[in-house]
Amino acid sequence: MNKVIIGIHGLGNKPPRRTEVRWWKAAMIEGLKRIGKTPWLPDFELVYWADLIYEKPLDTSVQNPEDKLYLEEPYIPGAAQLAPPENHEFRKKVMEFVEHRLDGILLNEDFTINYSALTDKIMRRYFTDLVAYYSDNLSHADVSIVSVRERIRHRLVEIVQKYQGREIILIGHSMGSIIAYDVLTFLIPRATISQFITIGSPLGFPVVQGRIASEWKQAGMEIRRLKSPPGITGKWINFADLRDRVAIVWQLAKNYSPNAYGVSPEDKVVVNNYSNGKAENAHKSYGYLRTEEFSTALSGFIGEVPVYKKSLAAILHGF
């Protein structure tokens with residue numbers, strides 16, 4: 001099959017790359033099985049960038065919760081029975097009110113940011129890795145020339161260019177969605193992506209929008225509304241759990257205009273059922289990757305699985 005899945009992870013330190021790849025794939029396979037589809041994936045590559053900010057990855061062998069390398073939220077399969085759908089209408093109204101107030105307080109009509117000291121404090125509190133991403137300071141002594149932001153972006157550029165000519169679905173979780181947006185918009189705008197999937201994305205947050213607009217202005221362009229990346233040819237689907245604090249401004253369709261292909265965000269509310277057995281986390285990537293809505297979109301991208309692949313999947317996953 002001439003299709004490929006590219007993922008880019010989000011905020012915070014991660015387990016080693018090999019482990020994170022295995023867990024992303026396990027979550028997607030779990031979701032496909034839940035909706036009755038063949039548990040098989042085409043080629044998958046994860047853009048792993050945690051090592052550019054953190055000196056050591058999280059360690060599954062560390063047992064002390066106080067250790068900074070303790071892995072608190074490993075991949076764990078979800079409950080056999082999913083919780084019934086919630087009525088989100090009241091929560092939606094509250095969040096729309098919060099979004100309106102945040103926009104008015106933190107962002108001007110020309111996308112300049114108000115109260116920079118306040119917004120910097122918000123970033124440090126809720127979006128720690130964004131501080132490093134938007135800073136020109138470096139986190140590692142051995143990185144003396146190129147900024148963290150440029151190195152993170154370059155990793156995604158390399159992978160996307162590697163698969164040009166193939167049908168790509170690009171999945172960005174959390175801060176990974178910001179990195180993906182920036183790369184597709186500013187660095188490789190001619191690269192084609194069949195589908196762009198954002199999960200738990202902060203792309204609607206006023207501070208993030210202000211940063212994106214600032215980069216547009218640095219390129220000499222004045223904008224009245226943010227634009228969808230030019231190379232998305234099929235769909236941009238944004239999945240958000242309304243309990244996810246990172247995706248508090250979840251309606252991206254209000255903020256990003258269509259590109260030349262007519263593609264703009266389609267916002268879908270989901271229930272992220274991730275739990276580590278002690279506490280739930282509605283922002284966790286593994287929970288998003290197995291939701292019914294995401295799995296349906298992924299299955300639609302994969303299409304018909306060849307017979308021999310189905311047989312192999314049946315053996316590997318007991319399908």
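The following exercises, with worked solutions, concern a predicted model.

**Exercise 1.** Determine the order in which the six strands form the open sheet, and state which strands stand at the edges.

*Solution.* Step 1: The strand order is E2-E1-E3-E4-E6-E8, and the pairing is parallel. Step 2: At the edges stand strand E2 (43-47) and strand E8 (265-269). Each of these two has a single partner strand, so one side of each is left without a neighbour in the sheet. Step 3: On average, and with direction ignored, neighbouring strands of this sheet are turned by 20° against each other.

**Exercise 2.** State how many bridges join strand E3 to strand E4, and identify the bridge partner of glycine 172.

*Solution.* Step 1: Strand E3 covers residues 167-173 and strand E4 covers residues 193-199; the two run parallel and are joined by five bridges. Step 2: Glycine 172 has threonine 198 in E4 as its bridge partner.

**Exercise 3.** Classify the arrangement of helices H6 and H7 as roughly parallel or roughly antiparallel, and describe their contact.

*Solution.* Step 1: The axes of H6 (residues 175-187) and H7 (residues 206-218) come within 12 Å and cross at roughly 20°. Step 2: Angles under 35 degrees count as roughly parallel; H6 and H7 are therefore roughly parallel to each other. Step 3: Their crossing is right-handed. Step 4: H6 contributes Ile178, Tyr181, Asp182, Thr185 and Phe186 to the contact, while H7 contributes Val208, Ile212, Glu215 and Trp216. Step 5: These residues divide into six nonpolar, one polar and two charged.

Methods:
Residues numbered from 1 in each chain as written. Predicted model: local features only at pLDDT ≥ 70, side-chain atom pairs only at ≥ 80, totals over all residues. Heavy atoms only, no water. Axes fitted to C-alpha atoms, helices over the stretch in contact; angles between N-to-C directions. Helix = DSSP H or I, 4+ residues; strand = E, 2+ residues; numbered from the N terminus. Parallel < 35°, antiparallel > 145°, perpendicular 65-115°, else oblique. Left-handed = near helix turned anticlockwise from the far one by under 90°. Contact = heavy atoms within 4.5 Å. Nonpolar A, V, L, I, M, F, W, Y, C, P; charged D, E, K, R; others polar. Pairing = 2+ DSSP bridges.
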